[in-house]
Amino acid sequence: MIPGTKRPAWVEVNLSQLRQNLQFILQHKPAEIGWLAVVKDEAYGHGAAAVSKVAEEFGANYLAISTVDEGIDLRRHEIKSPILIFGERTTAELEICVHYGITCCVSNLATAETLSKIASAHGKTLSFQVEIDTGMSRYGVPWRSAASLIRDLTQFKGLVLEGVFSHFAMSDELDKSFALEQLGRFHSVITSLRASGIKPLWTHMCNSGGFLDLPQAHFNLVRLGILPLGVFPSKVCKRLPGVEPIMTVKTSIAALREIEPGDNVGYGLRYTAPARRKIAVLPVGYGDGFPRLRNKGAVLIRGQRAPLVGSNSMDAVMVDVTDVPGVDLWDEVVLMGKQGKEEISAHEIAEWKSSVSYEVLTSWRARLPRIYIS
Ligand SMILES: *Cc1c(COP(=O)(O)O)cnc(C)c1O
């Protein structure tokens, strides 16, 4: 059946589609700017090592992650590219990052001092980047005081400021007014730094939404996370034809039963059959990252939508297959992705659970094996 696993539930990751996506995306990118592949959280659940290898083939200038373990894992998979780690680090983490050649963000003098000591202890020069908080109030140096702090950060022995960047709070929605406000704030910091002769190698602000919709904010590097995976950051951002999702989540029908009018399905008896129905039981559940739903949502079987009935549990989803002709035990089921002419997108699943496509992609748990197709 499927190589590498015997469990009839898995995540298929299509690496040839990833290559195609990158071809279309990078054609759209001005040649003179670089690109950084954001592969945090296992490349949004697709597998960071596999996605990073393809990103390297396509000349990614940088990879980015969020935890030190993610960086170590990439190095253990022979990933040689520069790796940027987003967020703040403890002293212990800084040491490990230096050991594995992971570039850290610095947003205060204390971190710079620690990093500078590590640099001199190892007789190394260490690169760092500075995130500028232009309005998200998340990580980074608040933009109002950024220029003067960055000037101080460049004074530390053994440290080289390699990049300054910022992050959009709202880049993929129709209303770009706050994004433009943030861009103005970022420009003011860059201008002030230039006046002091500070011109780092990389200046960057765009995530996928910014890359698509805000070309005036490209600077010389764009950070792409969700777009190469074939999922657009929102329903209203610019589309690039040919870019398609690379992840399909599949399972098979593990049991079939006929139920009578008045019979119930699942915990809490949330579904009562109005007539004779045929129910298929799928051997997956919220333990695999399938959202917990109640009489909502659907899966694809024989190219048709089969609606969920009752509440799904940790290891079982029940769907109504009364109207699916020829339905049989162990038929292939698509939980997310395409089957025939039908598709269940990450965006659709996000709507069922009032979330965003990003969370849907990252929710598929490690207990679903990743099967790579290339
Ligand atoms: C996650 C992240 C990105 C990637 O965003 P996408 O919308 O997936 O392209 C870029 N920059 C930062 C700082 C991030 O945290």
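**Close-up 1. Helices α1 and α3 are oblique to each other.** In this predicted model, the axes of helix α1 (residues 15-28) and α3 come within 10 Å and cross at roughly 40 degrees, which counts as oblique because angles under 35 degrees are classed as roughly parallel, those over 145 as roughly antiparallel, those from 65 to 115 as roughly perpendicular and the rest as oblique. Axes here are lines fitted to C-alpha atoms, for helices over the stretch in contact, with angles running from 0 to 180 degrees between N-to-C directions; helices (H or I, at least four residues) and strands (E, at least two) are DSSP runs, numbered from the N terminus. Seven of the residues in the contact of α1 with α3 are nonpolar, none is polar and two are charged, with Ala, Val, Leu, Ile, Met, Phe, Trp, Tyr, Cys and Pro counted as nonpolar, Asp, Glu, Lys and Arg as charged, and the others, Gly among them, as polar.

**Close-up 2. Helix α4 packs against helix α5.** The axes of α4 (residues 68-76) and α5 (residues 91-100) lie 10 Å apart at an angle of about 20 degrees, which makes α4 roughly parallel to α5. The crossing of α4 and α5 is left-handed, and its contact is made by V68, I72, R75 and R76 of α4 together with E93, I96, C97 and Y100 of α5. By residue class, this contact of α4 with α5 comprises five nonpolar, no polar and three charged residues.

**Close-up 3. Several residues of α4 are buried.** V68, E70, G71, I72 and L74 are the buried residues of this helix, buried meaning under 20% relative accessible area, exposed over 50% and partly exposed in between (1.4 Å probe, protein chains only). Their cover includes α2 (40-45), α3 (48-57), β3 (62-65), β4 (83-85), α5 and β5 (102-105). Just after α4, E78 adopts a positive phi of about 65 degrees.

**Close-up 4. Three strands form an open antiparallel sheet in the order β12-β15-β18.** β12 and β18 stand at the edges, each with a single partner strand, so one side of each has no neighbour in the sheet; the twist averages 30 degrees from one strand to the next. Strands count as paired if DSSP finds at least two bridges between them. Five bridges join β12 (residues 255-259) to β15 (residues 277-282), with E258 partnered by K278 and R257 by I279. Four antiparallel bridges link β15 to β18 (residues 317-320), and here I279 stands opposite D320.

**Close-up 5. A346 is a buried residue of helix α10.** This helix spans residues 346-352, and A346 counts as buried because its relative accessibility is 7%. Leaving aside neighbours within four places in sequence, A346 is in contact with M336, S357, V360 and L361. The C-alpha atoms of A346 and P245 are separated by 8.9 Å, although these residues are 101 apart along the chain.

**Notes.** Residues are numbered from 1 along each chain as its sequence is written, and side-chain values use heavy atoms, with hydrogens and water left out. Because the model is predicted, local features need pLDDT of at least 70 and side-chain atom pairs count only at pLDDT 80 or more, while totals for chains, interfaces and linings use all residues.

Key:
Contact means heavy atoms within 4.5 Å. A crossing is left-handed if the near helix is turned anticlockwise from the far one by less than a right angle, and right-handed if clockwise.
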